[in-house]
Amino acid sequence: MRVLIVGATGFVGSRLVEALLEADHEVVAFSRSANSAEFPDGVEPFEGDLGDPQTLEGLCEGVDAAYYLIHSLTAENFAELDRTYARRFRERASAAGVDRVVYLSGISGDERDLSPHLASRREVESVLSAGEFDLTVLRAAIIIGTDSTSFRIVDDLTDRLPVMTVPKWVRTPCQPVAADDAITYLVDVLDAEATRGGTYDIGAPSVWSYQSLLRQTADAKGKRVLIVPVPVMSPELSSYWLRLTTDVQYAIARPLVESMRHPVTVDPERDLQNVIPIDRTPVERAIDRALTG
Ligand SMILES: NC(=O)c1ccc[n+]([C@@H]2O[C@H](COP(=O)([O-])OP(=O)(O)OC[C@H]3O[C@@H](n4cnc5c(N)ncnc54)[C@H](OP(=O)(O)O)[C@@H]3O)[C@@H](O)[C@H]2O)c1
């Protein structure tokens with residue numbers, strides 16, 4: 001298949017480029033920095049900006065399937081941008097007759113009280129679902145891998161202080177997924193006809209909390225940390241705390257950390273394991289791999 005990756009230079013996209021090549025697909029790699037990126041031989045770069053329609057001419061031509069891996073979390077108005085970008089992509093993919101689109105979204109425990117970040121991820125799902133292609137949505141919580149923004153927040157936290165005063169969301173249940181497993185699922189849905197039009201959750205074999213993830217990450221680095229959740233943390237203290245505890249750009253870290261109030265676990269009925277069973281990586285191993293690069 002000729003497969004377009006929209007967001008091919010990012011954390012997920014760059015891994016997906018290699019995995020799709022290994023699965024014998026032709027790959028078109030799109031992003032604003034595609035021409036300067038170092039892709040493996042055979043990859044066709046397509047440089048463009050979803051914010052500039054003139055750069056999108058011919059984007060989906062001759063493409064059988066596309067992965068949509070875009071977010072604009074660095075911008076204040078990320079929801080507006082992500083809505084506009086998804087519409088632009090949807091129009092081009094529909095006009096070019098793309099057969100299937102796969103979108104990697106976020107898991108949310110409670111659909112009634114979504115953080116702005118997760119509400120925006122849902123809105124992109126809804127925009128894409130109106131396209132003239134079969135949409136498959138995979139929803140993930142933290143993807144554990146080197147260079148994953150959300151995992152870097154966890155990693156940075158364990159580097160900062162031996163005693164961590166943290167917001168109480170640290171006890172929220174979460175079910176991360178290993179980067180390798182997320183990529184395997186993403187590649188495998190292309191061959192799984194049953195996943196056309198479906199929405200699935202993906203996750204590790206067990207449920208964790210941010211607290212246990214922090215502990216496991218600290219242990220893997222041979223560090224001792226004492227985690228002290230504070231029942232109430234004012235927005236001011238919370239943002240001060242975040243600036244102190246991670247090198248991840250504040251504009252990205254803030255909406256991600258806001259989302260950590262919500263449990264993010266796999267809904268057993270929506271678990272992609274039911275359709276595509278894979279040998280899932282335990283979180284402990286995923287953390288070790290992410291830390292050793
Ligand atoms: N990482 C996680 O833990 C995680 C968890 C759950 C879901 N997800 C979802 O997975 C998807 C990919 O995440 P990621 O972590 O791989 O993100 P990422 O590393 O930030 O990659 C984003 C990609 O989008 C491209 N991009 C951004 N704005 C663009 C624009 N205006 N025009 C063209 N390309 C643009 C970026 O390349 P340029 O900057 O070069 O343009 C990059 O290739 C997102 O939908 C995210 O919500 C991620």
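Trainee: How far from an oxygen atom of the ligand does a backbone N or O atom of Leu104 lie?

Mentor: A polar contact is a pair of N or O atoms within 3.5 Å, and in this case the backbone atom of Leu104 lies 3.0 Å from a ligand oxygen. The protein covers 87% of the 900 Å² of accessible area that the ligand has on its own (Shrake-Rupley method, 1.4 Å probe). Please keep in mind that this is a predicted model, in which local features need pLDDT of at least 70 and side-chain atom pairs pLDDT 80 or more, while totals for chains, interfaces and linings use all residues. Residues are numbered from 1 along each chain, and side-chain values use heavy atoms, without hydrogens or water.

Trainee: Which residues come nearest to the ligand?

Mentor: A residue counts as near if one of its heavy atoms lies within 4 Å, and of the 26 residues around this ligand, Thr9, Arg32, Ser33, His71 and Ser150 come nearest. By class, the shell holds 13 nonpolar, ten polar (Gly is put in this class) and three charged residues.

Trainee: How many aromatic pairs are there?

Mentor: Rings of Phe, Tyr and Trp (its six-membered ring) pair if their centres lie within 6.5 Å, with planes under 30 degrees apart called stacked, over 60 edge-to-face and the rest tilted; this gives three aromatic pairs here. The pair of Tyr68 and Tyr103 is tilted, because the ring centres are 6.0 Å apart and the planes stand at 55°.

Key: Polar contact = N/O pair within 3.5 Å; in protein donor to acceptor, adjacent residues only side chain to side chain.
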